[in-house]
Structures are given as structure tokens and as C-alpha cells.
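Take a first walk through this structure.

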Amino acid sequence: MNNFIDEKEMAELARQYGPLKRRHYILEIGERLCTHLREAHHDHRGEVALFILRPDGKVLLHTKSFYPAGTYRVPTGGIRREEDVVTAVHREAREETGLQVAIERCLGILEYEFRCRGETLPHISYVFLLREKGGQLRPQDEGEGIVSFQEVPLPELETVARNLRALEAGWRDWGQYRAIAHSFVAEVLGVGS
């Protein structure tokens, strides 16, 4: 279904970082999210979702200036067309958080079919569990609009997902989409409610 997946690269991720779970989701989305995804596909072949464990074992979340008030989620970032996934993990962690990270596990690959007005857009998220290894927590890419960080214990990831799913009207489809990775990690790690 998803021509963004390099099966050889996926096999190498599994070899290095443990068995990968693979899930497929079909989501109906509005025009705003559809437009964003179309634009992202011009120079990206997917994204990495960064579940960064701080030294205290809590997961790092962020919010951006244009998000609804009180909305936090894990950082994500695009995989450039000619970039390997592991390089994208380290680059995006540095750009979004200023932190150096070590890969604990690649937990899985989330394949999406976004449907919008008769159009289907494929999208993929590679989900990583990372451990902070150094650096100073401060976004390096000002264009991202990151304004605040928060940390939550792993068992609270499902609460984060519920909060994302509960977003109102103009943010509902985005919240549904972004909640999936949080619920997925809670399930795979066997934490939360």
C-alpha cells in the first residue's frame, strides 16, 4: 500500500532495534490536514515519532505556538526523501529539542491512509523509543514554533492520547491522527490504562 516504505530498510531497523509492530489506519480528514500532508509529501517520505526518555524516565512532550491551549504531544519530524530513517531520528531530535539521543528501540511503523474528498494520501510514521544522552533542552529550529516542553510518565501516554482525541472541531482530525502514536506506544510497552 505505502510506496514510502523501503522494506530492506525496515528489515535492517528490526535487526538493529528489535522486532517492529506494523499497523495500518484509515482516517477521514479535513481540507486543512489534507493540504498540510500534500505539502509534506513533496520533500518527505514519512516521519519519525520521537518518544524521548529523559534521565528521570519520563517522556518529553512539546507544544507549539499555534496549537490549541494546553495541547502537548511527542515531537515528530519529516524524513527527507534521500535520508535514512536513523539519520532523521538524530537530526529531528536535535532540531526540535536540542538533545542528543540514543535509540533504545524502533517500536513500529504506523501506515496511514488519509482520505479527503475522494483523494487518498498515504503517510508513514516510524515510532522510536529514545534515551536522552546529552545536550540542552531548547529547540534549534525556530521555524517549528515550539514554545514549551512538558514531561509525563510512560503510563500517562494514554491520557495524552485522550486529550488529543478530545480536541474540538478544527483540530479534531489532527488530534485523532496524533493520538494514535501515543496509544500505540502505551500498548506496545504495556503501560497505562
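Helices (H or I, at least four residues) and strands (E, at least two) are DSSP runs, numbered from the N terminus. The model is predicted, so local features need pLDDT of at least 70 and side-chain atom pairs count only at pLDDT 80 or more, while totals for chains, interfaces and linings use all residues. Residues are numbered from 1 along each chain as its sequence is written, and side-chain values use heavy atoms, with hydrogens and water left out.

Start with the largest pocket. On a 1 Å grid over the protein atoms alone, a pocket is an open set of points where a 1.4 Å probe fits, with protein on both sides within 12 Å along at least five of seven lines; lining residues have an atom within 4 Å of a point. The volume of the largest pocket is about 710 Å³. Here a volume is the space filled by probe spheres set on the points, and grid points are joined across faces, edges and corners. Two or more lining residues come from each of α2 (31-41), β2 (44-53), β4 (76-80), α3 (85-97) and α5 (172-189). The most come from α2, which gives seven.

The lining holds 16 charged residues, nine polar and eight nonpolar. Asp, Glu, Lys and Arg count as charged; Ala, Val, Leu, Ile, Met, Phe, Trp, Tyr, Cys and Pro as nonpolar; the others, Gly among them, as polar.

E144 sits in the loop between β6 (119-135) and β7 (146-152). Beyond its neighbours within four places in sequence, E144 is in contact (heavy atoms within 4.5 Å) with K64, F66 and E96. The side chains of E144 and K64 make a polar contact at 2.6 Å. Such a contact is a pair of N or O atoms within 3.5 Å; within protein, one must be able to donate a hydrogen and the other to accept it, and residues adjacent in sequence count only if both atoms are side-chain atoms.

Now the rings. Eight aromatic pairs occur in the structure. Rings of Phe, Tyr and Trp (its six-membered ring) pair if their centres lie within 6.5 Å; planes under 30 degrees apart count as stacked, over 60 as edge-to-face and the rest as tilted. Y112 and F114 are stacked, 5.3 Å centre to centre with 10° between the planes. W171 and W174 are edge-to-face because their planes stand at 80°, with centres 5.1 Å apart. Y25, Y112, F114 and Y177 form one aromatic cluster.
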